Each structure stands twice: as structure tokens, then as C-alpha cells.
Amino acid sequence: MAEERKRREIDPTIELVQSCVEMLPEITDQDDEFLRARLEAMNEFLSAGATFYSQTSKLPLGVIRRLVTTGGAALARFASDEPLATDVRKGAEE
């Protein structure tokens, strides 16, 4: 269900924003520089979200359940300066 929604809604939006960014080199107005920055930021955000979805959709269901049930604790670890383990499987060595 999520994959189909991504295909129908997110992917076309990313393509549209990317095409808008590609059209901007012709523009030199200061207001258009603001527009360029906003579109580039939106493009980066949407692309990062799509990449994150692609990576997390391949995780085993058990890992996803653990991430969801730990909630804020898992997110707090990303916000800290503490290095993250490269393997998220239960019992895996860092």
C-alpha cells in the first residue's frame, strides 16, 4: 500500500520539483533566488524521505516493530553525538 502511494504521489512530486529546479538557472531576480533556495530545499527533503523509505521498507518486520515501539528513545539516539551501530539486528555487535 505504501509503495503504491509513493509511486502515485511522492515520485511525481519529486520529478516536478526537480524539473522546476532545473528551470531556475535562467532566473536572476533576487526574489527568484529565494524561490530557488526553497525549491532546492524541498527537492533535498523529498529525495531524502524517498531514500529513507526505500531503505526502511527493506528492513525485517521485527526491526521495524522495535523501532516503532522504542519511539522517542530510538530517535533520541540519532540526535545524540553517540556513534550508531551499523547493524540494527538484535544482539549484533557494533
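Me: Why is Asn43 called buried?
Reply: Asn43 has a relative accessible area of 17%. Buried means under 20%, exposed over 50%, and partly exposed in between (1.4 Å probe, protein chains only), so Asn43 counts as buried. By the way, this is a predicted model, where local features need pLDDT of at least 70, side-chain atom pairs count only at pLDDT 80 or more, and totals for chains, interfaces and linings use all residues. Residues are numbered from 1 along each chain as its sequence is written, and side-chain values use heavy atoms, leaving out hydrogens and water.

Me: What is Asn43 in contact with, leaving aside neighbours within four places in sequence?
Reply: Ile14, Val17, Gln18 and Val21. Contact here means heavy atoms within 4.5 Å. Asn43 itself sits in helix H2.

Me: Which residues make up the largest nonpolar core?
Reply: There are 7: Ile14, Val17, Val21, Leu24, Leu39, Leu46 and Ala50. To qualify, a core must be a set of buried Ala, Val, Leu, Ile, Met, Phe, Trp, Tyr and Cys residues joined through side-chain atoms within 4.5 Å. Helices, for their part, are DSSP runs (H or I, at least four residues), numbered from the N terminus.

Me: What makes Arg5 and Glu9 a salt bridge?
Reply: Their side chains meet at 3.1 Å, N to O. The rule asks for a side-chain nitrogen of Lys or Arg within 4 Å of a carboxyl oxygen of Asp or Glu, so the pair passes. Both residues lie in H1, 4 residues apart, about one turn of the helix. Arg8 also bridges to Glu9, with the closest N and O atoms 3.7 Å apart, and Arg5, Arg8 and Glu9 are linked in a network.

Me: Where is the kink in H1?
Reply: At Arg8, shortly before the proline Pro12, and it is about 30°. That bend is the angle between axes fitted to the seven residues ending there and the seven starting there.

Me: Where in the chain is confidence highest, and where is it lowest?
Reply: It's highest in H1, at a mean of 90, and lowest in helix H4 (residues 72-79), at 71. The score is pLDDT, the predictor's confidence in each residue, from 0 to 100.

Definitions and conventions:
Helices (H or I, at least four residues) and strands (E, at least two) are DSSP runs, numbered from the N terminus.
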